[in-house]
Amino acid sequence: MAMGAGEFEQAVENIYSFVPTLVLKSAILLNIPDIIANAGPNASLTLAQIAEKLPTKTPNLHSLSRILKYLSFRGIFVQTQTGQNPSDPRYSLTDSAKMFYVRENNPASLVPLLLMLTHPVLMAPWQHLHESVLQDCNAFEKAHGKDLWTYEKEDPTVNDVFNNSMSTITILLMGKILSGYDGFKEVKTLVDVGGGKGTALAHIVKAYPHIHGINFDLPHVVQTAPSVPGIENVGGSMFDSIPSADAIFFKNVLTDWDDESCIKILQNCHKALPKSGRLILAEIMTAEDSNSYKSIEIVFDLVMIALANGGKERSIHELMKLLQLSNFNVVKIVELPGLSKLKIIEAIKV
Ligand SMILES: C[S@@+](CC[C@H](N)C(=O)[O-])C[C@H]1O[C@@H](n2cnc3c(N)ncnc32)[C@H](O)[C@@H]1O
């Protein structure tokens, strides 16, 4: 049967679907969103005005205009003709460009996430995805001979790229977590297991200053955590033991591991908690029926095959099963405002 033109074009578009991410990365590396924003509110710049802010005296204006044209088509910039000179368009920012400012302390930034996912070290495992099927292996390990966490230990740049990316995403999510879930108010000591740079805990302790926070992660990760009043940074492995506290928080950690590893981690939580101690999990929770998956949850799940140690996205029931097998009783499932997939599960030690 002959293939329709629509099918052919769709297939070709699928093949080229790496282009938007990498063109956006080039605009970020050229600092273009900031160049336009720094020109003032609602600024609209010509190609020459953008080019003169680039760190070169000989920019290729043809390449620059093609990059800007494409990203205008993708809704990052707005391209307008000036009227007098139709060959000299101007470029301004859309609201979504704000997420791509390179400047420091941009609370909406998605730049560290993009730079992490497109870092050559984190792109390499995708070349081995098929081997994860054929050889039942970890794609990251196939690419680099060690898992991501060991790689980070030996490469401070990748350690920073990964942890900064997690930290900026956490900044974006913590407001929603704290407005949707108030269970921290009864907690006195809280350990954030796999807490990275301690960003989640810093938000929690700011909202509930009576809490003593323990940010627990691998030693090379907590070394990069800033010192925050009310938070102790403790290095170690959750597979060995977890510091004692009356409650344990996890955000986006179980997703990195296979079921067997998750049960080991949860058993160590069980040992670290007092009788009736509380476990608070903030994880992506997929639809129960894979036919109802949204594209993004399937994408997140594939990222776990590429980068994590047997990790996967799980449904509420899959997470509840792991908790039951580790002797925790689920007492609450909390939906978060503005988030359809990240939810909280609260469980009590049996
Ligand atoms: C996906 S990141 C989540 C970070 C943080 N919870 C957040 O949401 O921003 C997973 C974290 O688990 C940590 N991790 C990996 N192996 C670990 C181990 N054996 N013990 C403790 N933490 C570990 C990583 O260093 C990383 O910070």
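Trainee: Leaving aside its neighbours within four places in sequence, with which residues is L281 in contact?
Mentor: L281 is in contact with F250, L254, L319, I344 and I345. Two residues are in contact if their C-beta atoms, placed from the backbone, lie within 7 Å. This is a predicted model, in which local features need pLDDT of at least 70 and side-chain atom pairs count only at pLDDT 80 or more, while totals for chains, interfaces and linings use all residues. Residues are numbered from 1 along each chain as its sequence is written.

Trainee: Which residues touch the most other members of the largest nonpolar core?
Mentor: They are V191, I248 and L281, in a core of 44 residues. Strand β8 (residues 278-286) gives the most to this core, with 6 residues. Another core, of 20 residues, lies apart from it and includes I35, I36, I76 and A97. A nonpolar core is a set of buried Ala, Val, Leu, Ile, Met, Phe, Trp, Tyr and Cys residues joined through C-beta atoms within 7 Å. Strands (E, at least two residues) and helices (H or I, at least four) are DSSP runs, numbered from the N terminus.

Trainee: Why is G198 called buried?
Mentor: A residue is buried if 20 or more other C-beta atoms lie within 10 Å of its own, exposed if 12 or fewer, and partly exposed in between, with C-beta atoms placed from the backbone. G198 has 28 other C-beta atoms within 10 Å, so G198 is buried. This glycine sits in the loop between β4 (189-193) and α12 (199-207). Its contacts beyond four places in sequence are N215, A225, V228, I231 and N233.

Trainee: Is S276 buried or exposed, and what makes it so?
Mentor: S276 has 10 other C-beta atoms within 10 Å and is therefore exposed. S276 belongs to the loop between α14 (259-272) and β8. Its phi is near 65°, a positive value in a residue other than glycine. Most residues other than glycine have a negative phi.

Trainee: What class does N327 fall into, and why?
Mentor: N327 has 13 other C-beta atoms within 10 Å, so N327 is partly exposed. The loop between α16 (316-325) and β10 (328-336) holds N327, and phi of N327 is near 70°, again a positive value in a residue other than glycine.

Trainee: How do you know that D155 is partly exposed?
Mentor: D155 has 15 other C-beta atoms within 10 Å, so D155 is partly exposed. D155 lies in the loop between α10 (148-154) and α11 (156-180).

Trainee: What makes the protein chain as compact as a globular protein of its length?
Mentor: The chain has 16 helices and 11 strands. Its radius of gyration is 23 Å, close to the 20 Å that the globule rule gives for 350 residues, so the chain is as compact as a globular protein of that length. The radius is taken over C-alpha atoms, and the rule is 2.2 Å times the number of residues to the power 0.38.

Trainee: Which residues come nearest to the ligand?
Mentor: Of the 17 residues around the ligand, M166, G194, S237, M238 and K251 come nearest. A residue is near a molecule or strand if its C-beta atom, placed from the backbone, lies within 6 Å of it.
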